[in-house]
Amino acid sequence: MPAFSIIENFKVQTNQEFLDKAAALEPALYEETVTAKRLVTVTADADNGPVLHPQGRIDALSDMAFQKGDKVIIDFGAHQTGYLSFTATTQGSHYDAPAFLKLKFAEVFWELTEDADEYNGWLSRSWIQEEWLHLRILPDTVRLPARYAFRYLQIEVIDTSPKYALKFEQIFCTSVSSAGKDQGRPYQGRDELLKEIDKASVKTLKECMQKVFEDGVKRDRRLWLGDLRLQARTNYVTFQNYDLVKRCLYLFAGMTFKDGRMSACFFHEPQLQADDTYLLDYALLFASVLWDYYEASGDTETMLELYPAAAEQIDICLNTMMDENHTVSDQGEAFWCFLDWGEGLNKQAGAQAVLIYSMRFAIRLAEAAKDERRVRQYASEIEILKKAAREQFWDETQGMFVSGSMRQVSWASQVWMVLAEVLDQEQSRQLLLHTRRFHPAVRMVTPYMYHHYIDALILCGEEELALEELKRFWGGMIQAGADTFWEVYDPDNRQESPYGSTMVNSYCHAWSCTPAYLLRTFYRHK
Ligand code: RAM
């Protein structure tokens, strides 16, 4: 189901000092030249889906000449985020017509079997990475101005002329990232699959670190608050680029809705602009992002300056979004709270849990800011909210939390209630084990939700099971050939997409980078 928010005449409130701080922290991008590695083909097998076939080394390209209808697929050996360059020369008579090319960029090889003309999803088709080029003077060295996210490049010659053929050489990508060096404590376990998972996580994060923490380098290429929280946590045990987190924190606090609500996402080009989307859980979690940043960096000044904005998000929810039962009021099908992309997921119980979870971080911030009044207020409020969660959402017969007026049972509600510590540790553990056996129909769809599931298992003492699940989920992507992790992964459904078509799914998506955080924090020697 389409989910977006459009506000006519969207008005913002700006704190110019904060935006100036964010602007001053704009990072430099490190460049790396990566050459094409080999040639491949992709076939669509009716039973097993698309299959990749190696076709030999990249040197073979120099013996190939292309005319109307010819195609070649070039593999860069690993996922890249950057700018493509190549040289096109001619063979035969003098060229008597421009060369006309279609380039298709693919993060994973099966994207090359998808036909953009058949796209019928609800996100813009413009996200599909294709380019049509006319080369009017040959030979020509082309450097595409747009940044692409890809491992595979398909060049299709739509036309030359009968008098000449094209040849391609010097194909390379100038890859960009602001991440710098991985200087965290490395994952030191001996398990080969876990090592690969750590490596792909770090690569995913690295590529998504650009002028801001982008959610995905193919799509949406912008800063989302929920994604930022997980990226920042992983960043502290890898690149330790504190300034990039600081910049993003100042962006969110520097431009908000008129009433102080924080946008769920932020554009940084061509100028800084908050989006007209509000997601309650993302806004509440700002407290957690700020606390994590403070804990990792020790930057008291930033914490003190941004603490009011974090508390404001909590206060707005407490003052304007609660019902008479001390529960967050259900906004039904509107795009008001994220949690996960599960079809039909009711957000009410999850929102209550995120509120409680975020308030714990707000209390820590309030203590650090010596705001005694808020510490007391939140501490007593949190108990009321937990009690309300148990009274309104716990279903004794099913032994699980339910959500909304239709009393929906979902994975997301159970996981967030565990993270909110609404039950004691043993009860939470039993709840998760029971949920696994029951396997609610409203499943987990994104690695974002899976991360929270793993986090919840660890919190209630199920470290071994958490590691098994981590390995099964992220290892499944590795086994499917991933060298960066995806936006959406359902081991049982390769066609899963929240957008009505897998063509706009992103395959280097930041909220999927957390295994490096989990492995390096909880399982260093496993
Ligand atoms: C999608 C993106 C992003 C996420 C939002 C809610 O557009 O994948 O990562 O945070 O949804």
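Two strands count as paired if DSSP finds at least two bridges between them. Keep that cut-off in mind for these exercises on a predicted model.

**Exercise 1.** Work out how many bridges join β5 to strand β9, to strand β10 and to strand β3.

*Solution.* 
- Step 1: Begin with β9 (residues 148-159), which runs antiparallel to β5 and is joined to β5 by 8 bridges. Here Thr81 lies opposite Ala149 in β9.
- Step 2: Go on to β10 (residues 164-177). The antiparallel pairing of β5 with β10 has 10 bridges, and Ser85 sits opposite Phe172 in β10.
- Step 3: Finish with β3 (residues 38-45), antiparallel to β5 and linked to β5 by 3 bridges. Leu39 has Ile74 of β5 as its bridge partner.

**Exercise 2.** Is strand β5 mostly covered or mostly uncovered?

*Solution.* 
- Step 1: Take the span of β5, residues 71-92.
- Step 2: Count the buried residues. Of the 22 residues in β5, 16 are buried, and the strand is mostly covered.

**Exercise 3.** Give the strand order of the open sheet of 3 strands and name the edge strands.

*Solution.* 
- Step 1: The order reads β11-β13-β14, with antiparallel pairing.
- Step 2: β11 (223-224) and β14 (273-274) are the edge strands, each pairing on one side only.
- Step 3: Check one contact. β13 (residues 265-267) and β14 are joined by 2 bridges, with Phe267 opposite Gln273 in β14.

Methods: Residues are numbered from 1 along each chain as its sequence is written. This is a predicted model: local features need pLDDT of at least 70, side-chain atom pairs count only at pLDDT 80 or more; totals for chains, interfaces and linings use all residues. Side-chain values use heavy atoms; hydrogens and water are left out. Buried means under 20% relative accessible area, exposed over 50%, partly exposed in between (1.4 Å probe, protein chains only). Helices (H or I, at least four residues) and strands (E, at least two) are DSSP runs, numbered from the N terminus.
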